[in-house]
Amino acid sequence: PHAASRNLSKRGQELGGLRSAREPNRCGRYAADRWMRSTGDELLREQRLYGMPLILSFASRGDVSLHAAAVEVGSRAIILAAPSKYGKTTLAYAFQRRGHRVLSEDLICCRPDTAEAIPGPAVLRLRPDVYDAALPEGLSVIAEQPDRIFVGFDALRRGSSAPVPIKAIVFLRESDGFHQEP
């Protein structure tokens, strides 16, 4: 796996796409055209590019990817890990509505050696039943699909791509009530 991820990262650098150095990751349009056939849906293409290629890029430099949302509370990252459809994005949106910054809503890169989280794309993919059309200031709808409303952040709410120290990792699960465990 490490050889494959090194080769992918090297190829991404050659194409001006994925970077393996400790700097913000970027996916160039040329890299997207080379690695994936266009579906006509640029948001779907971007989501796919943010998935496996970046996971491999993260792994090649010793970072860990988690299927999780992350929010910044008091200059620290709170990671909300859970399987699909457990409310990670909904909970991250609730934090955002209360003035906290969303670092990622589905995939977060963690640096184990420094216990830091690397912010991802500044977008929320809300289910229609969660979206209430009264977005907080600084957020706007950038696209709509039958099963998701894509909400983007302005520059102030987006923040920088600088790593954020991790304070906690919370594992969400189904329950009949609220339970807190150390």
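Strand 7 and strand 9 (residues 148-153) run antiparallel and are joined by 4 bridges. Strands here are DSSP runs of E with at least two residues, helices are runs of H or I with at least four residues, and both are numbered from the N terminus. Two strands count as paired if DSSP finds at least two bridges between them. The model is a predicted one, in which local features need a pLDDT of at least 70 and side-chain atom pairs count only at pLDDT 80 or more, while totals for chains, interfaces and linings use all residues. Residues are numbered from 1 along each chain as its sequence is written, and side-chain values rest on heavy atoms, with hydrogens and water left out.

The open sheet to which these strands belong has 3 strands in the order 7-9-8, paired antiparallel. Strand 7 (123-126) and strand 8 (139-145) each have a single partner strand and stand at the edges, so one side of each lacks a neighbour in the sheet. On average, neighbouring strands are turned by 25 degrees against each other, direction ignored. Within the pairing of strand 7 with strand 9, Leu126 stands opposite Ile149 of strand 9. Helix 5 (residues 88-97) packs on this sheet and touches strand 7 and strand 8 (contact means heavy atoms within 4.5 Å). The direction of helix 5 makes about 125 degrees with that of strand 7; axes are lines fitted to C-alpha atoms, for helices over the stretch in contact, and angles between N-to-C directions run from 0 to 180 degrees.

Strand 1 pairs with strand 5 (residues 108-111) in the antiparallel sense over 3 bridges, and Ser65 stands opposite Cys109 of strand 5.

Glu72 is placed in strand 2 and is buried, with a relative accessible area of 18%. Buried means under 20% relative accessible area, exposed over 50%, and partly exposed in between (1.4 Å probe, protein chains only). Leaving aside residues up to four places away in sequence, Glu72 touches His100, Arg101, Leu103 and Val164.

## Helix 4

Pro53, Leu54, Ser57 and Phe58 are buried in helix 4 (residues 52-60). These residues cover an arc of only 135 degrees around the axis, so they lie on the same side of helix 4; the arc is that of the directions from the helix axis to the C-beta atoms. After helix 4 comes Gly62, with a positive phi near 90 degrees.

## Cysteines

A disulfide is a pair of cysteine sulfur atoms within 2.5 Å, and the count by this rule is 0. Cys109 is in no disulfide, and the nearest cysteine sulfur, that of Cys110, is 6.6 Å away. Cys109 is buried at a relative accessible area of 1%, and Cys110 is likewise buried at 8%.

## Confidence

The chain averages a pLDDT of 77, and 70% of the residues score at least 70; pLDDT is the predictor's confidence in each residue, from 0 to 100. Among the elements of the chain, strand 3 has the highest mean pLDDT (96) and helix 1 (residues 2-14) the lowest (41). Residues 1-34 have a pLDDT below 50, and this stretch makes 60 contacts in the model beyond near neighbours in sequence. Where pLDDT is low, predicted coordinates should not be read in detail.
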